Amino acid sequence: MHLPIQHVFLKLAAIIQPWAAGLCILCFLFGLPIALLFSPPDYQQGDTVRIMYIHVPAAWMGLFCYGVMAAGSASYLIWRHPVANMVAKASAPIGAMFTALCLLTGMLWGEPMWGTPWVWDARLTSMLVLFFLYLGYMALGDAFDSPEQGDKAAAILALVGSVNLPIIKFSVDWWNSLHQPSIFSMAGVSVDTAMLPPLFLMVGAFQLYYVVVVLMRVRAQVLTAKIRAARLMRAA
Amino acid sequence: MAKRKTQRLYFILLGGLAVATGVALVLTAFEDSIVFFYSPTEISQQTLSPGQRIRIGGLVETGSVNAEGETTTFTVTDTAETLDIVYRGILPDLFREGQGIVAEGYMLASGVFQASDVLAKHDETYMPPEVADAIKAAGEWRGDEAPQQEAMSNSATASP
(Lines give C-alpha, C1' and ligand atoms only; values in the text may rest on other atoms or scores of the structure.)
Protein backbone atom coordinates (compact mmCIF):
# COMPACT_ATOMS: atom_id res chain seq x y z
CA MET A 1 0.00 0.00 0.00
CA HIS A 2 1.14 3.55 -0.69
CA LEU A 3 -0.63 5.05 2.26
CA PRO A 4 2.32 6.88 3.89
CA ILE A 5 3.12 9.26 1.01
CA GLN A 6 -0.56 9.93 0.44
CA HIS A 7 -1.04 10.64 4.11
CA VAL A 8 1.83 13.15 3.97
CA PHE A 9 0.21 14.71 0.93
CA LEU A 10 -3.16 15.15 2.65
CA LYS A 11 -1.51 16.86 5.61
CA LEU A 12 0.61 19.16 3.43
CA ALA A 13 -2.35 20.01 1.19
CA ALA A 14 -4.45 20.97 4.21
CA ILE A 15 -1.77 23.46 5.27
CA ILE A 16 -0.97 24.95 1.84
CA GLN A 17 -4.47 25.20 0.40
CA PRO A 18 -5.98 27.98 2.55
CA TRP A 19 -2.86 30.14 2.17
CA ALA A 20 -2.78 29.65 -1.58
CA ALA A 21 -6.50 30.40 -1.81
CA GLY A 22 -6.16 33.60 0.23
CA LEU A 23 -3.19 34.83 -1.79
CA CYS A 24 -4.96 33.92 -5.04
CA ILE A 25 -7.98 36.05 -4.10
CA LEU A 26 -5.65 38.93 -3.11
CA CYS A 27 -3.83 38.73 -6.46
CA PHE A 28 -7.13 38.80 -8.36
CA LEU A 29 -8.46 41.62 -6.14
CA PHE A 30 -5.46 43.83 -6.94
CA GLY A 31 -4.49 42.41 -10.32
CA LEU A 32 -7.82 42.61 -12.18
CA PRO A 33 -8.63 46.30 -11.47
CA ILE A 34 -5.04 47.38 -12.17
CA ALA A 35 -4.90 45.33 -15.36
CA LEU A 36 -8.33 46.28 -16.70
CA LEU A 37 -8.72 49.86 -15.42
CA PHE A 38 -5.70 51.56 -13.88
CA SER A 39 -2.74 50.42 -15.97
CA PRO A 40 -1.67 52.65 -18.87
CA PRO A 41 -2.95 52.03 -22.42
CA ASP A 42 -0.48 50.99 -25.12
CA TYR A 43 1.04 53.59 -27.45
CA GLN A 44 -0.04 51.56 -30.45
CA GLN A 45 -2.97 49.38 -29.39
CA GLY A 46 -4.67 51.63 -26.83
CA ASP A 47 -6.92 49.84 -24.35
CA THR A 48 -6.92 46.63 -26.38
CA VAL A 49 -3.55 45.83 -24.80
CA ARG A 50 -5.43 44.95 -21.59
CA ILE A 51 -6.30 41.59 -23.14
CA MET A 52 -2.60 40.79 -22.66
CA TYR A 53 -3.04 40.59 -18.87
CA ILE A 54 -5.38 37.62 -19.31
CA HIS A 55 -3.98 36.17 -22.53
CA VAL A 56 -0.28 35.94 -21.62
CA PRO A 57 -0.72 34.41 -18.13
CA ALA A 58 -3.28 31.97 -19.56
CA ALA A 59 -0.82 30.93 -22.28
CA TRP A 60 1.97 30.44 -19.74
CA MET A 61 -0.32 28.38 -17.52
CA GLY A 62 -1.35 26.27 -20.50
CA LEU A 63 2.32 25.39 -21.02
CA PHE A 64 3.06 25.11 -17.29
CA CYS A 65 0.20 22.66 -16.61
CA TYR A 66 1.37 20.49 -19.50
CA GLY A 67 4.92 20.53 -18.11
CA VAL A 68 3.59 19.34 -14.74
CA MET A 69 1.47 16.71 -16.49
CA ALA A 70 4.46 15.40 -18.47
CA ALA A 71 6.75 15.38 -15.42
CA GLY A 72 4.11 13.61 -13.33
CA SER A 73 3.50 11.08 -16.09
CA ALA A 74 7.23 10.37 -16.42
CA SER A 75 7.69 9.78 -12.71
CA TYR A 76 4.59 7.56 -12.72
CA LEU A 77 5.90 5.47 -15.64
CA ILE A 78 9.46 5.21 -14.30
CA TRP A 79 9.06 5.08 -10.51
CA ARG A 80 5.35 4.11 -10.32
CA HIS A 81 4.81 7.12 -8.09
CA PRO A 82 1.05 7.12 -7.35
CA VAL A 83 0.70 10.77 -6.27
CA ALA A 84 2.69 11.96 -9.33
CA ASN A 85 0.09 10.36 -11.58
CA MET A 86 -2.72 11.92 -9.56
CA VAL A 87 -1.09 15.35 -9.96
CA ALA A 88 -0.75 14.74 -13.71
CA LYS A 89 -4.41 13.72 -14.02
CA ALA A 90 -5.53 16.66 -11.88
CA SER A 91 -3.53 19.14 -13.99
CA ALA A 92 -5.08 18.15 -17.32
CA PRO A 93 -8.51 19.85 -17.07
CA ILE A 94 -6.97 22.97 -15.50
CA GLY A 95 -4.41 23.18 -18.29
CA ALA A 96 -7.09 22.62 -20.92
CA MET A 97 -9.14 25.44 -19.37
CA PHE A 98 -6.18 27.87 -19.43
CA THR A 99 -5.32 26.87 -23.01
CA ALA A 100 -8.90 27.46 -24.09
CA LEU A 101 -8.85 30.84 -22.32
CA CYS A 102 -5.62 31.69 -24.14
CA LEU A 103 -7.09 30.72 -27.53
CA LEU A 104 -10.34 32.63 -26.91
CA THR A 105 -8.71 35.83 -25.65
CA GLY A 106 -6.24 35.53 -28.52
CA MET A 107 -9.14 35.55 -30.99
CA LEU A 108 -10.69 38.56 -29.26
CA TRP A 109 -7.33 40.31 -29.49
CA GLY A 110 -6.56 39.26 -33.06
CA GLU A 111 -9.81 40.50 -34.51
CA PRO A 112 -9.28 44.23 -33.74
CA MET A 113 -5.45 44.28 -34.02
CA TRP A 114 -4.51 41.85 -36.80
CA GLY A 115 -7.82 42.08 -38.61
CA THR A 116 -8.61 38.39 -38.13
CA PRO A 117 -9.43 36.19 -35.13
CA TRP A 118 -7.60 33.14 -36.43
CA VAL A 119 -4.84 32.21 -38.86
CA TRP A 120 -3.03 28.90 -39.25
CA ASP A 121 0.41 30.21 -38.35
CA ALA A 122 2.88 28.14 -36.34
CA ARG A 123 2.12 29.69 -32.94
CA LEU A 124 -1.66 29.51 -33.14
CA THR A 125 -1.68 26.03 -34.64
CA SER A 126 0.74 24.56 -32.08
CA MET A 127 -1.33 26.10 -29.27
CA LEU A 128 -4.48 24.47 -30.69
CA VAL A 129 -2.59 21.15 -30.83
CA LEU A 130 -1.79 21.64 -27.12
CA PHE A 131 -5.52 21.98 -26.39
CA PHE A 132 -6.26 18.76 -28.30
CA LEU A 133 -3.43 16.97 -26.45
CA TYR A 134 -5.14 17.83 -23.17
CA LEU A 135 -8.47 16.51 -24.46
CA GLY A 136 -6.78 13.38 -25.83
CA TYR A 137 -5.00 12.75 -22.52
CA MET A 138 -8.25 12.96 -20.56
CA ALA A 139 -10.20 10.82 -23.06
CA LEU A 140 -7.48 8.15 -23.33
CA GLY A 141 -7.19 7.82 -19.54
CA ASP A 142 -10.87 6.93 -19.33
CA ALA A 143 -10.99 4.73 -22.43
CA PHE A 144 -9.78 1.50 -20.79
CA ASP A 145 -11.63 -0.99 -18.61
CA SER A 146 -8.68 -1.17 -16.22
CA PRO A 147 -7.87 2.23 -14.73
CA GLU A 148 -4.18 1.33 -14.53
CA GLN A 149 -3.98 0.58 -18.26
CA GLY A 150 -5.70 3.87 -19.00
CA ASP A 151 -3.31 5.75 -16.72
CA LYS A 152 -0.29 4.22 -18.48
CA ALA A 153 -1.57 4.90 -21.99
CA ALA A 154 -2.46 8.50 -21.08
CA ALA A 155 0.94 8.99 -19.41
CA ILE A 156 2.71 7.86 -22.59
CA LEU A 157 0.57 10.25 -24.65
CA ALA A 158 1.48 13.09 -22.26
CA LEU A 159 5.20 12.32 -22.72
CA VAL A 160 5.00 12.08 -26.52
CA GLY A 161 2.99 15.30 -26.64
CA SER A 162 5.57 17.19 -24.57
CA VAL A 163 7.59 17.56 -27.80
CA ASN A 164 5.01 20.26 -28.60
CA LEU A 165 6.13 22.50 -25.71
CA PRO A 166 9.41 23.72 -27.29
CA ILE A 167 7.59 23.98 -30.63
CA ILE A 168 5.05 26.39 -29.10
CA LYS A 169 7.74 28.37 -27.29
CA PHE A 170 10.04 28.77 -30.30
CA SER A 171 7.42 28.75 -33.09
CA VAL A 172 7.68 32.53 -33.37
CA ASP A 173 11.48 32.37 -33.67
CA TRP A 174 11.90 29.34 -35.94
CA TRP A 175 9.29 30.35 -38.53
CA ASN A 176 7.81 33.70 -39.49
CA SER A 177 4.30 34.02 -38.13
CA LEU A 178 1.55 36.55 -37.69
CA HIS A 179 1.96 36.24 -33.93
CA GLN A 180 4.65 38.52 -32.47
CA PRO A 181 7.72 37.07 -30.66
CA SER A 182 7.78 36.49 -26.91
CA ILE A 183 7.86 39.47 -24.54
CA PHE A 184 10.65 37.72 -22.60
CA SER A 185 13.81 37.02 -24.56
CA MET A 186 17.58 36.96 -24.11
CA ALA A 187 17.54 40.70 -24.83
CA GLY A 188 15.25 41.36 -21.84
CA VAL A 189 11.61 42.25 -21.30
CA SER A 190 9.86 44.18 -24.06
CA VAL A 191 6.98 45.30 -21.81
CA ASP A 192 7.25 48.70 -20.14
CA THR A 193 7.82 48.57 -16.37
CA ALA A 194 4.46 50.32 -15.78
CA MET A 195 2.71 47.31 -17.31
CA LEU A 196 4.66 44.63 -15.44
CA PRO A 197 2.96 44.81 -11.99
CA PRO A 198 -0.52 43.93 -13.33
CA LEU A 199 1.02 41.26 -15.58
CA PHE A 200 2.85 39.60 -12.67
CA LEU A 201 -0.17 39.94 -10.36
CA MET A 202 -2.28 38.12 -12.93
CA VAL A 203 0.42 35.47 -13.40
CA GLY A 204 0.46 35.02 -9.61
CA ALA A 205 -3.33 34.83 -9.46
CA PHE A 206 -3.49 32.18 -12.20
CA GLN A 207 -0.59 30.21 -10.69
CA LEU A 208 -2.17 30.20 -7.22
CA TYR A 209 -5.53 29.27 -8.70
CA TYR A 210 -3.79 26.26 -10.23
CA VAL A 211 -2.24 25.30 -6.88
CA VAL A 212 -5.60 25.51 -5.08
CA VAL A 213 -7.53 23.54 -7.69
CA VAL A 214 -4.85 20.90 -8.26
CA LEU A 215 -4.63 20.26 -4.49
CA MET A 216 -8.42 19.94 -4.31
CA ARG A 217 -8.49 17.52 -7.22
CA VAL A 218 -5.61 15.37 -5.95
CA ARG A 219 -7.16 15.29 -2.47
CA ALA A 220 -10.39 14.05 -4.00
CA GLN A 221 -8.47 11.33 -5.86
CA VAL A 222 -6.59 10.24 -2.71
CA LEU A 223 -9.83 10.09 -0.72
CA THR A 224 -11.63 8.19 -3.50
CA ALA A 225 -8.82 5.62 -3.53
CA LYS A 226 -9.06 5.34 0.27
CA ILE A 227 -12.82 4.78 0.14
CA ARG A 228 -12.42 2.15 -2.58
CA ALA A 229 -9.77 0.37 -0.51
CA ALA A 230 -11.95 0.47 2.60
CA ARG A 231 -14.94 -0.93 0.69
CA LEU A 232 -12.83 -3.78 -0.67
CA MET A 233 -11.61 -4.53 2.85
CA ARG A 234 -15.16 -4.67 4.16
CA ALA A 235 -16.38 -6.81 1.30
CA ALA A 236 -13.57 -9.29 1.82
CA MET B 1 13.63 -3.57 -8.58
CA ALA B 2 16.01 -0.64 -8.89
CA LYS B 3 17.31 -2.18 -12.13
CA ARG B 4 13.84 -2.19 -13.69
CA LYS B 5 13.37 1.46 -12.76
CA THR B 6 16.69 2.36 -14.38
CA GLN B 7 15.66 0.41 -17.48
CA ARG B 8 12.35 2.26 -17.67
CA LEU B 9 14.15 5.59 -17.26
CA TYR B 10 16.52 4.83 -20.16
CA PHE B 11 13.65 3.49 -22.24
CA ILE B 12 11.70 6.73 -21.81
CA LEU B 13 14.77 8.89 -22.44
CA LEU B 14 15.53 6.97 -25.66
CA GLY B 15 11.88 7.11 -26.71
CA GLY B 16 11.82 10.86 -26.12
CA LEU B 17 14.97 11.29 -28.18
CA ALA B 18 13.45 9.26 -31.02
CA VAL B 19 10.19 11.24 -30.99
CA ALA B 20 12.05 14.56 -30.85
CA THR B 21 14.30 13.55 -33.77
CA GLY B 22 11.32 12.43 -35.84
CA VAL B 23 9.38 15.61 -35.18
CA ALA B 24 12.45 17.75 -35.91
CA LEU B 25 12.88 16.00 -39.29
CA VAL B 26 9.22 16.45 -40.17
CA LEU B 27 9.25 20.14 -39.21
CA THR B 28 12.41 20.75 -41.22
CA ALA B 29 10.95 18.97 -44.24
CA PHE B 30 7.72 20.96 -44.10
CA GLU B 31 9.34 24.30 -43.33
CA ASP B 32 7.93 25.82 -46.53
CA SER B 33 4.36 25.09 -45.45
CA ILE B 34 4.88 26.16 -41.84
CA VAL B 35 6.16 29.66 -42.57
CA PHE B 36 3.19 32.00 -42.60
CA PHE B 37 4.40 34.38 -45.28
CA TYR B 38 7.22 35.06 -47.72
CA SER B 39 9.29 38.23 -47.88
CA PRO B 40 9.53 40.28 -51.11
CA THR B 41 13.09 38.93 -51.53
CA GLU B 42 11.89 35.33 -51.34
CA ILE B 43 9.12 36.13 -53.84
CA SER B 44 11.57 37.66 -56.29
CA GLN B 45 13.61 34.43 -56.24
CA GLN B 46 10.63 32.17 -56.88
CA THR B 47 8.69 31.43 -60.03
CA LEU B 48 5.01 31.46 -59.12
CA SER B 49 2.36 29.96 -61.31
CA PRO B 50 -0.27 32.55 -62.32
CA GLY B 51 -3.09 32.78 -59.82
CA GLN B 52 -1.16 30.81 -57.16
CA ARG B 53 -2.32 32.02 -53.75
CA ILE B 54 0.45 33.00 -51.35
CA ARG B 55 1.00 35.30 -48.39
CA ILE B 56 3.65 37.95 -48.43
CA GLY B 57 4.82 39.99 -45.48
CA GLY B 58 6.84 43.16 -45.07
CA LEU B 59 6.81 46.74 -43.89
CA VAL B 60 4.56 49.28 -45.59
CA GLU B 61 6.95 51.69 -47.26
CA THR B 62 6.68 55.28 -46.07
CA GLY B 63 4.92 57.50 -48.60
CA SER B 64 3.73 54.61 -50.76
CA VAL B 65 0.10 54.41 -49.58
CA ASN B 66 -2.46 55.64 -52.11
CA ALA B 67 -6.17 55.33 -51.40
CA GLU B 68 -8.77 55.83 -54.14
CA GLY B 69 -12.20 55.04 -52.79
CA GLU B 70 -12.14 51.44 -51.60
CA THR B 71 -8.96 50.57 -53.48
CA THR B 72 -5.61 51.04 -51.77
CA THR B 73 -2.25 50.63 -53.41
CA PHE B 74 0.95 50.47 -51.39
CA THR B 75 4.46 49.02 -51.42
CA VAL B 76 5.88 46.56 -48.91
CA THR B 77 9.58 46.16 -48.31
CA ASP B 78 11.95 43.89 -46.44
CA THR B 79 14.57 46.67 -46.85
CA ALA B 80 16.20 44.64 -49.68
CA GLU B 81 13.35 44.12 -52.18
CA THR B 82 9.98 45.78 -52.59
CA LEU B 83 6.63 44.63 -53.92
CA ASP B 84 3.63 46.71 -55.06
CA ILE B 85 0.29 45.62 -53.66
CA VAL B 86 -3.24 46.55 -54.67
CA TYR B 87 -6.09 45.84 -52.27
CA ARG B 88 -9.84 46.52 -52.31
CA GLY B 89 -11.53 46.56 -48.94
CA ILE B 90 -11.24 47.71 -45.37
CA LEU B 91 -7.77 47.77 -43.88
CA PRO B 92 -7.09 46.83 -40.22
CA ASP B 93 -6.76 49.70 -37.70
CA LEU B 94 -3.05 49.09 -37.24
CA PHE B 95 -2.37 49.46 -40.98
CA ARG B 96 -0.18 52.49 -41.50
CA GLU B 97 3.09 53.46 -43.12
CA GLY B 98 6.02 51.63 -41.56
CA GLN B 99 3.79 48.93 -40.07
CA GLY B 100 4.46 45.25 -40.64
CA ILE B 101 1.65 43.63 -42.64
CA VAL B 102 0.80 40.28 -44.19
CA ALA B 103 -1.16 40.23 -47.45
CA GLU B 104 -2.79 37.16 -48.97
CA GLY B 105 -3.47 36.99 -52.69
CA TYR B 106 -1.77 36.32 -56.02
CA MET B 107 0.59 37.96 -58.48
CA LEU B 108 -0.90 39.77 -61.47
CA ALA B 109 0.78 39.52 -64.88
CA SER B 110 1.97 43.09 -64.36
CA GLY B 111 4.08 42.05 -61.35
CA VAL B 112 1.71 43.76 -58.93
CA PHE B 113 0.38 41.68 -56.04
CA GLN B 114 -3.43 41.52 -55.90
CA ALA B 115 -4.32 41.11 -52.20
CA SER B 116 -7.65 39.67 -51.06
CA ASP B 117 -6.79 40.02 -47.36
CA VAL B 118 -4.49 42.37 -45.50
CA LEU B 119 -3.55 41.63 -41.88
CA ALA B 120 -1.58 43.92 -39.59
CA LYS B 121 1.36 42.61 -37.57
CA HIS B 122 2.56 44.24 -34.38
CA ASP B 123 5.71 43.59 -32.39
CA GLU B 124 6.10 42.44 -28.79
CA THR B 125 6.86 45.93 -27.44
CA TYR B 126 4.17 47.33 -25.16
CA MET B 127 4.46 50.72 -23.47
CA PRO B 128 2.32 53.68 -22.42
CA PRO B 129 2.04 56.53 -25.00
CA GLU B 130 3.93 58.92 -22.69
CA VAL B 131 6.88 56.53 -22.54
CA ALA B 132 6.88 56.18 -26.32
CA ASP B 133 6.87 60.00 -26.64
CA ALA B 134 9.69 60.34 -24.08
CA ILE B 135 11.85 57.80 -25.90
CA LYS B 136 11.22 59.57 -29.19
CA ALA B 137 12.02 62.95 -27.60
CA ALA B 138 15.29 61.55 -26.30
CA GLY B 139 16.11 60.27 -29.79
CA GLU B 140 16.53 56.75 -28.47
CA TRP B 141 13.70 55.24 -30.53
CA ARG B 142 14.91 51.96 -31.98
CA GLY B 143 13.84 48.36 -32.36
CA ASP B 144 14.26 45.25 -34.44
CA GLU B 145 12.23 46.83 -37.19
CA ALA B 146 13.81 50.23 -37.28
CA PRO B 147 11.93 51.57 -40.32
CA GLN B 148 8.64 50.52 -38.74
CA GLN B 149 9.46 52.32 -35.52
CA GLU B 150 10.59 55.45 -37.31
CA ALA B 151 7.49 55.65 -39.42
CA MET B 152 5.30 55.00 -36.44
CA SER B 153 6.61 58.05 -34.66
CA ASN B 154 5.28 60.13 -37.57
CA SER B 155 1.80 58.73 -37.16
CA ALA B 156 1.68 58.36 -33.38
CA THR B 157 -1.39 60.57 -33.29
CA ALA B 158 -3.26 57.96 -35.32
CA SER B 159 -3.00 55.37 -32.54
CA PRO B 160 -6.34 54.58 -30.91
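Tutor: Start with the order of elements in chain A: from the N terminus on, it runs α-α-α-α-α-α-β-β-α. That is seven helices and two strands. Here helices (H or I, at least four residues) and strands (E, at least two) are DSSP runs, numbered from the N terminus. The model is predicted: local features need pLDDT of at least 70, side-chain atom pairs count only at pLDDT 80 or more, and totals for chains, interfaces and linings use all residues. Residues are numbered from 1 along each chain as its sequence is written, while chains are lettered from A and ligands numbered from 1 in the order in which they are written.

Next, the chain as a whole. The C-alpha trace of chain A spans about 70 × 35 × 30 Å along its principal axes. Chain A has 236 residues, and 41% of them count as buried. Buried means 20 or more other C-beta atoms within 10 Å of the residue's own, with C-beta atoms placed from the backbone. Now take contacts, meaning pairs of residues whose C-beta atoms, placed from the backbone, lie within 7 Å. Among those in chain A between residues at least 6 apart in sequence, 76% join residues at least 24 apart.

Now the close look: one helix pair. Two packed helices are described by the angle between their axes and the distance between the axes. Helix H2 (residues 52-79) of chain A packs against helix H7 (residues 196-235) of chain A at about 40 degrees, with axes 9 Å apart. Axes are lines fitted to C-alpha atoms, for helices over the stretch in contact, and angles run from 0 to 180 degrees between N-to-C directions. So H2(A) is oblique to H7(A). Under 35 degrees counts as roughly parallel, over 145 as roughly antiparallel, 65 to 115 as roughly perpendicular, and the rest as oblique. The crossing of H2(A) past H7(A) is right-handed. In such a crossing the near helix is turned clockwise from the far one by less than a right angle.

Which residues meet? From H2(A) they include Tyr53(A), Val56(A), Trp60(A) and Cys65(A). From H7(A) they include Leu199(A), Met202(A), Phe206(A) and Gln207(A). This contact holds 14 nonpolar residues, one polar and no charged. Ala, Val, Leu, Ile, Met, Phe, Trp, Tyr, Cys and Pro count as nonpolar, Asp, Glu, Lys and Arg as charged, and the others, Gly among them, as polar.

Notes. A residue is buried if 20 or more other C-beta atoms lie within 10 Å of its own, exposed if 12 or fewer, and partly exposed in between; C-beta atoms are placed from the backbone. Two residues are in contact if their C-beta atoms, placed from the backbone, lie within 7 Å.
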